Amino acid sequence: MRIISLLSLLIILVSCKEETKQLKILQTGTYKAFLKVNDSVNLPFVFEVLSESKFQIFNAEEVIFVDEVTYRNDSVFIKPPVFDSYIAAKITDTGLEGSYIKDDLNRTVPFAAVYGETKRFETVDKARTDVSGIWEATFSPDIEADRYIAKGVFKQDNNKVTGTFRTTTGDYRYLEGVLDGNQLKLSTFDGSHAFLFTATVTDSSMQGMFYSGNHFKEPFSAKRNDVYELPDANDLTFLKEGYEKVAFSFPDENGNMVSLDDVRFKNKVVLVQIMGTWCPNCLDESKYLTSYYKNNKNKAFEIVGLAFEYTKTEDQAFANIQRLKKRLNIEYPVLLAQFGTASKVSAQEKLPMLNHVLSYPTTIFIDKTGVVRKIHTGFNGPATGDKYTEFVNEFESFVKDLIQE
């Protein structure tokens, strides 16, 4: 019996030694990553490994820090902050090979990364024009049911191009790429969304294709228009005739039902944030609202978030809400309004006083008497530059006036 026990112990020790021997750790340094959109198109982005458990992902001026990194034998699992998605990849001699995965949406995109490469896009030719400026864009121009408008705002330095597309529901965040001859290529990866824009460009026009991961694509066209403006974001969503107020009752993470009739909100200006933890524009807005709330929560002012989650279970939805609150240090309540779908039609059914829910996020401004004074559709994040500054100034002035009433 003793010989068998010693033999078993020896086998365990050898097995542990083999497992330790197989464990691989990523090299520090810069990697160029690729998400496979289709057989002929890749979506590139660049990230840097700072240490075995810390990464940073680059999109133009944006730097996303990642600190949820685990290893298993010859593989690494990378979970970007806030969003419910991850990269699972085998560590190879030259980089990584694996998948970018969203379990709740049953989406998988082939992923690879090459160590030591720093250029997002390679260029062959000098740029034949300069795309800096404002572009009037239409997506899915030939299909009326899918058609929507956008405003492209870009800056160019030699071949390098940065900027974004703004829509009536928000912006496509930080886009970075190149103009190679007459071929425009822009991409972004933020952990939730993987976007690629390609287009053939002249001095005054663009004809291109927009890819969202490997599950969606649509054509777009654009023309120069230095005075182009989108419809006012304050006019798109409104209360139906006969309504002056918003009413709801949704649970918080402790199971308590919360409504605007609660003492917490009485005689205060209240912002109702319609959002989702999966939504990058909502993340940008939540960062701003968190900062504003910390500086103004003692001034008869409150915020309440209503989360519409596509995750399959209530427990996972609350876990995602808690993860977001912890990451951003959100002090205001975020309630679970819906799980299992992020359908805007379903969201509007939960808030039937609204004409529609057109966008995540949508922000409802309510005065001290409970009357809705404004509804802002979408969010122009930091990637929109001057438009973001304009939003902040308008927001703070309007809320200050409501508080002083």
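How do the residues of the lining of the second largest pocket divide into nonpolar, polar and charged? They divide into eight nonpolar, four polar and seven charged, where Ala, Val, Leu, Ile, Met, Phe, Trp, Tyr, Cys and Pro count as nonpolar, Asp, Glu, Lys and Arg as charged, and the others, Gly among them, as polar. The model is predicted, so that local features need pLDDT of at least 70 and side-chain atom pairs count only at pLDDT 80 or more, while totals for chains, interfaces and linings use all residues. Residues are numbered from 1 along each chain as its sequence is written, and side-chain values use heavy atoms, with hydrogens and water left out.

Pockets were located on a 1 Å grid over the protein atoms alone; a pocket is an open set of points where a 1.4 Å probe fits, with protein on both sides within 12 Å along at least five of seven lines, and its lining residues have an atom within 4 Å of a point. The second largest pocket holds about 420 Å³ of space, a volume being the space filled by probe spheres set on grid points that are joined across faces, edges and corners. Its lining has 19 residues, and V153, K155, T384, G385 and D386 are the closest to the centre. Two or more lining residues come from each of β11, β12 (160-167) and α5 (386-404); helices (H or I, at least four residues) and strands (E, at least two) are DSSP runs, numbered from the N terminus. Strand β11 gives the largest share, four residues.

The largest pocket contains about 1200 Å³ of space. Of the 43 residues in its lining, Y172, H193, F195, W278 and K344 lie nearest the centre. Elements that supply two or more of the lining residues include β8 (95-102), β9 (107-115), β13 and α2 (280-296). This lining comprises 20 nonpolar, 15 polar and eight charged residues.

The structure holds 19 salt bridges, each a side-chain nitrogen of Lys or Arg within 4 Å of a carboxyl oxygen of Asp or Glu. One of them joins E68 and R323 at 2.7 Å, N to O. Because E68 lies in strand β5 (residues 68-72) and R323 in helix α3 (residues 314-328), this pair ties together parts that are 255 residues apart in sequence. E68 is partly exposed, with a relative accessible area of 28%, whereas R323 is buried at 15%; buried means under 20% relative accessible area, exposed over 50%, and partly exposed in between (1.4 Å probe, protein chains only). A salt bridge of 2.9 Å, N to O, also links E68 to R327. R327, in helix α3, is 259 residues apart from E68. Within helix α5, E390 and K387 are three residues apart, about one turn of the helix, and their side chains meet at 3.1 Å, N to O. Salt bridges that share partners also join E62, R173, D190 and D284 into one network.

Backbone geometry was examined next. Most residues other than glycine have a negative phi, and most peptide bonds are trans. R173 has a positive phi, near 60°, and lies in the loop between β13 (170-171) and β14 (175-180). With a relative accessible area of 5%, R173 is buried. A60 also has a positive phi, of about 50°, and is found in the loop between β3 (54-59) and β4. A60 is partly exposed, at 21% relative accessibility. The peptide bond from Y360 to P361 is cis, with omega near 0°.
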